[in-house]
Amino acid sequence: MSGPILQLTGHAKDLGGGFTVRRLLPAVQRQAVGPFLFFDHFGPVTVVPGDSHDVRPHPHIGLATVTYLFSGAIMHRDSLGYVQQIEPGAINWMTAGRGIVHSERRPESLADTAYVNHGIQLWAALPTAHEEAEPSFVHTPAATIPEVRVGDATVRVLIGTAFGQTSPVATYSPTLYLDVQLPGGATLEIPALAQEMAVYTVDNPVQLDGEALGAQLLAVVEPGQGMRLSVPGEAAARLMVIGGDALDAPRHMWWNFVSSRKERIVQAADDWDAQALGQVPGEVEWIPLPERRFIK
């Protein structure tokens, strides 16, 4: 263990309607950690009646979205016909593959209620052999996610294998995703569970291999290295560990599209312009392409 090789502070990104997220990946310094090439931390934000935080139907190709909530609720609908309320502790894995369309909205049951939305959305690039996979959506309920005590730490194994526990979430390549809760004064040793690994400090500062790491930072460690996490103060800390095998080829990213081939992104943009990527049943809105088009 030799400390972080890179610390990413992220930047604020306005998704519209006053809904702002902290985006850690992609970054100028680093495109991906394992398969994860997109990392948004949203909230905690109080959603009150009348707020317009809904995300209208929009398309994806070449990736899988991974949504995880600490609190709140989001209603997922997609062009395959799935309707699923996303709730805290569950993993929602949507494989875009050759193309899928989805929306993310306030559940109708909460239309007149104030609540706090807080969570993480990741994109995992699909291996080149699976970029054009059939689209799919899998909801893994919170109760089926393994949780283990490691010393004073509580670790939920969201994806992959750690501390003798294996998540039921299926992936296309070796992938790691952990939700770690550390009380004040506690320490957790995490071995090299993946080829590439990073840790995100959700709410409070910690020490990583003896080096101070502020809140809401993504710290990448040396390939093949583990990490020692400790909480120097009395306040508990929540940490997300991500990782997996390195990408098998560089990826091009534009808007909601990811591909190893530039021409595939151009095709996807044309298909969305023609509304040929599918429709979400019951939806009449959609997000148009950005004015600045992707150039080969």
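This is a predicted model: local features need pLDDT of at least 70, side-chain atom pairs count only at pLDDT 80 or more; totals for chains, interfaces and linings use all residues.
**Entry 1: nonpolar cores.** I began with the largest nonpolar core and found 29 residues in it. Phe-39, Tyr-177, Leu-218, Met-240 and Ile-242 have the most contacts inside this core. Strand β6 (residues 63–71) supplies its largest share, four residues. I then noted a second, separate core of 28 residues, with Val-157, Leu-176, Val-231 and Val-241 among its members.

**Entry 2: Met-240.** Next I listed what Met-240 touches, leaving out residues up to four places away in sequence. Its contacts include Tyr-68, Phe-70, Ile-120 and Leu-158. Tyr-177, Leu-178 and Asp-179 are also among them, as are Ala-198, Val-199, Tyr-200 and Val-202.

**Entry 3: Thr-175.** Is Thr-175 buried or exposed? I get 9% relative accessibility, and the cut-off for buried is under 20%, so Thr-175 counts as buried. Thr-175 lies in strand β17 (residues 175–182). The side chain of Thr-175 reaches the backbone oxygen of Ser-173 at 2.7 Å. Beyond four places in sequence, Thr-175 touches Pro-35, Phe-36, Ile-159, Gly-160, Gly-243 and Gly-244.

**Entry 4: the open sheet.** I traced seven strands in the order β2-β3-β4-β11-β6-β9-β12, with antiparallel pairing. Which strands stand at the edges? They are β2 (11–14) and β12 (136–140); each has a single partner strand, so one side of each lacks a neighbour in the sheet. From one strand to the next, the twist averages 20°.

**Entry 5: β9 and β12.** I finished with strand β9 (residues 91–95), which pairs with β12 in the antiparallel sense over five bridges. Here Met-94 stands opposite Phe-137 in β12.

Terms used. Residues are numbered from 1 along each chain as its sequence is written. Side-chain values use heavy atoms; hydrogens and water are left out. A nonpolar core is a set of buried Ala, Val, Leu, Ile, Met, Phe, Trp, Tyr and Cys residues joined through side-chain atoms within 4.5 Å. Buried means under 20% relative accessible area, exposed over 50%, partly exposed in between (1.4 Å probe, protein chains only). Helices (H or I, at least four residues) and strands (E, at least two) are DSSP runs, numbered from the N terminus. Contact means heavy atoms within 4.5 Å. A polar contact is a pair of N or O atoms within 3.5 Å; within protein, one must be able to donate a hydrogen and the other to accept it, and residues adjacent in sequence count only if both atoms are side-chain atoms. Two strands pair if DSSP finds at least two bridges between them. Axes are lines fitted to C-alpha atoms, for helices over the stretch in contact, and angles run from 0 to 180 degrees between N-to-C directions.
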